[in-house]
Amino acid sequence: MNDNTTCCQTGDCHSAVAEATDTTTTTAVHTVEASWKADRHDQGVELEVTLPGVRKEDLEVEVQSQLLQLTATRRKPENAGRLIYGRPTPDGYRLKLRLGNSLDGSQLKANLSDGILKVSIPLVAAAQPRKVEIH
């Protein structure tokens, strides 16, 4: 989306699945782009990212130069069996979003609960609606 709607747009993430190599165990790491949605309100944008199986300590959210980056890892169960049918569960998630110029990334607030990350990004003061007093 563009700055007129003051929302987010994905960065350079075109593929939904990435394979990387974990140097500690030399096994493939299955990372996918996190599922997300953004809603615009008068005060800013509410971003909701679905991260099933992710704990707060395994999640990293950074904002730098209007780019929001999220990386998360899932811990594997100790007694996990071998997948014989179906789609593998991802080992982690990633997401890169460009924030519109009217969003204040420095005032971002985030909360993770039940696998849902809720991020509030307020509008910069100049972009917030204000009432004009008439004399």
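**View 1. Proline 88 sits in the loop between strand E7 (67–73) and strand E8 (92–99).** Strands are DSSP runs of at least two residues (E), numbered from the N terminus; helices are DSSP runs of at least four (H or I). The model is predicted: local features need pLDDT of at least 70, side-chain atom pairs count only at pLDDT 80 or more, and totals for chains, interfaces and linings use all residues. Residues are numbered from 1 along each chain as its sequence is written, and side-chain values use heavy atoms, with hydrogens and water left out. Proline 88 is partly exposed, at 42% relative accessible area. The scale has three classes: buried is under 20% relative accessible area, exposed is over 50%, and partly exposed is in between (1.4 Å probe, protein chains only).

**View 2. Proline 88 touches His30 and Leu83.** This contact list leaves aside neighbours within four places in sequence. Contact means heavy atoms within 4.5 Å. Histidine 30 and proline 88 are 58 residues apart along the chain. Their C-alpha atoms are separated by 8.4 Å.

**View 3. Lysine 37 and aspartate 39 form a salt bridge.** A salt bridge here is a side-chain nitrogen of Lys or Arg within 4 Å of a carboxyl oxygen of Asp or Glu. The structure holds four of them. In this pair, the closest N and O atoms are 3.5 Å apart. Lysine 37 is partly exposed, with 42% relative accessible area. Aspartate 39 is also partly exposed, at 33%.

**View 4. Arginine 55 meets glutamate 57 in a salt bridge.** The N to O distance is 2.9 Å. Arginine 55 counts as partly exposed, at 38% relative accessibility. Glutamate 57 is exposed, with a relative accessible area of 55%.

**View 5. Arginine 75 and aspartate 58 pair across two loops.** Their side chains form a salt bridge of 2.9 Å, N to O. Arginine 75 is exposed, at 51% relative accessibility. Aspartate 58 is buried, at 13%. Salt bridges with shared partners join Arg55, Glu57, Asp58 and Arg75 into one network.
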